[in-house]
Amino acid sequence: MSKKEVKTNAMRILDRLKISYTYRTYECNEFSDGIQTADQLGLKHERVFKTIVTTGKSGGHYVFVIPIEAEIDFKKAAKAVGEKSLEMLPLRELTPVTGYVRGGCTSIGMKKKYPTVIQESARAFEQIYVSGGKIGMQLSLAPEDLKKAADAEFGDVIRIADYYGG
């Protein structure tokens, strides 16, 4: 008897939108960062993206999808979403706000639609990897398809000097 394929909310949304994707699962019992995940799966770091959730001065929430080795530039990110300033969403609020847990958070299918910005460098790749909506799962899809599924925009929201070694 075959094991039933477990679909995450993000996968169901991609299926409903008829967006092509593949997924990979890996052993993981607790949070591991994107770099550990990429190394475990043998993926190139520049193609693996992490999801960051922030809170603006106005109280609104904003989502940013950036390369795993990059750091968010809060000034650029705030400007991209029309906020005066941003700060990281406290970890204890992640699940109540997004419906996802740390290490399994994805920009697709959060509890509510939040303004989402994907780092523009994603467009350089045919496929990128993002969390599949639970710990131990990565989705591979085209950046334009992620943009569509997450109702996102592309923008420059990372600290370039740190990311590119400048």
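**Salt bridges and a buried threonine**

Tutor: Lys7 has a relative accessibility of 29%, so Lys7 counts as partly exposed (buried is under 20% relative accessible area, exposed over 50%, partly exposed in between, with a 1.4 Å probe and protein chains only). Keep in mind that this is a predicted model, where local features need pLDDT of at least 70, side-chain atom pairs count only at pLDDT 80 or more, and totals for chains, interfaces and linings use all residues. Residues are numbered from 1 along each chain as its sequence is written, and side-chain values use heavy atoms, leaving out hydrogens and water.

Student: Which side chain meets Lys7 in a salt bridge?

Tutor: Side chains of opposite charge can pair when their charged atoms come close. The cut-off is a side-chain nitrogen of Lys or Arg within 4 Å of a carboxyl oxygen of Asp or Glu. Here the N to O distance is 2.6 Å, and the partner of Lys7 is Asp15.

Student: How many residues apart in sequence are the parts tied together by Arg159 and Glu71?

Tutor: Their side chains meet in a salt bridge at 3.0 Å, N to O. Arg159 lies in the loop between β8 (153–155) and α6 (160–163), and Glu71 in the loop between β3 (61–67) and α3 (74–81), so the separation is 88 residues. 

Student: Is Thr54 buried or exposed?

Tutor: Thr54 sits in strand β2, residues 49–56 (strands are DSSP E runs of at least two residues, helices H or I runs of at least four, numbered from the N terminus). Its relative accessibility is 0%, so Thr54 counts as buried.
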